[in-house]
Amino acid sequence: MKIGYIGLGLMGNPMSKNLVKNGYEVTVWNRTASRMQDLVKVGATASKSAAEVASSSEFIFTNVSDSLDVEEVVLGEGGIIEGATAGSVVIDNSTISPDVTKRIASKLSEKGVDMLDAPVSGGEPGAINATLAIMVGGEQEVFDQNFDLLKTMGGNVVLTGDIGAGGVTKLANQIIVAANIAGLSEALVLAQKAGVDPERVFNAIRGGLAGSAVMEAKGPMMLSRNFRAGFRVRLHQKDLRNVLQTAQELSVPLPVTSLLQQVLGALMNEGESESDHSVILKFVEDLAKIEVKAGG
């Protein structure tokens with residue numbers, strides 16, 4: 001089976017490597033050409049454009065930053081639509097506006113190309129270990145045909161509805177992740193200010209109702225002050241921007257999400273764009289004039 005993968009960033013690189021490891025014939029392309037070399041070393045074939053990837057692939061994955069990037073890679077000059085043939089499938093792992101996804105899918109269908117929107121959650125560790133949650137939108141038949149392929153990269157692959165539903169699900173996911181990180185940040189800062197060891201507080205509450213996958217992933221990072229990106233601030237800020245745009249179109253008030261999008265924007269202004277989103281802790285620390293330290 002011939003697979004194309006476009007977008008070899010923090011998530012796309014390990015996801016495409018898992019396809020290679022599972023025996024698929026993988027062709028890759030990235031706008032920054034140097035990023036392809038890492039994949040070539042493990043057996044992938046480098047390409048010169050998205051169109052070239054599509055012309056040699058039955059299934060074409062995309063994983064780029066935002067709505068405009070996906071539109072350019074799929075529908076723009078030298079894009080997938082120029083090389084794809086009828087019967088091929090585009091699977092977008094990006095997190096973008098559901099409306100943009102629907103527009104792209106409509107254009108592809110005119111050429112007989114199917115599409116699934118399949119954003120992922122689980123960060124870089126999930127991408128490396130192929131344990132990602134993959135939220136899929138599209139036709140049941142197309143999903144069923146591609147389920148095994150998606151399972152090479154994810155531990156939990158679920159069809160949530162028609163095209164665009166995967167994106168809506170991912171936006172909902174991003175609301176919960178941001179709120180969890182912010183809540184944990186406030187809890188640890190409160191403990192520190194009260195003179196209680198925040199690490200002990202973390203260990204005491206992690207097994208209770210407050211415990212979550214977010215807490216398990218981000219708590220140790222906060223306590224060790226390791227803000228190396230597993231998921232970048234600028235990308236989460238972008239995701240919440242798409243959440244709020246979608247919510248506005250649907251007349252859904254999201255007061256907590258609105259605040260958190262502003263918090264992430266403020267952190268970007270402080271030079272934290274490329275830091276992990278667990279750096280929300282620093283925002284809360286600055287307000288309280290204290291720094292969280294494991295051991296009290």
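Mentor: Contact here means heavy atoms within 4.5 Å. This is a predicted model, where local features need pLDDT of at least 70, side-chain atom pairs count only at pLDDT 80 or more, and totals for chains, interfaces and linings use all residues. Residues are numbered from 1 along each chain as its sequence is written, and side-chain values use heavy atoms, leaving out hydrogens and water.

Trainee: Which residues of helix 10 and helix 11 meet?

Mentor: Pro198, Glu199, Phe202 and Ile205 in helix 10 touch Met215, Glu216, Gly219, Pro220 and Leu223 in helix 11. They divide into 6 nonpolar, 1 polar and 2 charged; Pro, Met, Phe, Ile and Leu are among the nonpolar types, Glu is charged and Gly counts as polar.

Trainee: Why are helix 10 and helix 11 called roughly antiparallel?

Mentor: Helix 10 (residues 198-205) and helix 11 (residues 213-224) pack at about 170°, with axes 11 Å apart. Angles over 145 degrees count as roughly antiparallel, and therefore that is the name for this pair.

Trainee: What makes the protein as compact as a globular protein of its length?

Mentor: Alongside its 14 helices and 9 strands, the protein has a radius of gyration of 20 Å, close to the 19 Å that the globule rule gives for 296 residues, so it is as compact as a globular protein of that length. The radius is taken over C-alpha atoms, and the rule is 2.2 Å times the number of residues to the power 0.38.

Trainee: What percentage of the residues count as buried?

Mentor: Buried means under 20% relative accessible area (1.4 Å probe, protein chains only), and 53% of the 296 residues count as such.

Conventions:
Axes fitted to C-alpha atoms, helices over the stretch in contact; angles between N-to-C directions. Helix = DSSP H or I, 4+ residues; strand = E, 2+ residues; numbered from the N terminus. Parallel < 35°, antiparallel > 145°, perpendicular 65-115°, else oblique. Buried < 20%, exposed > 50% of the residue type's maximum accessible area, 1.4 Å probe, protein only.
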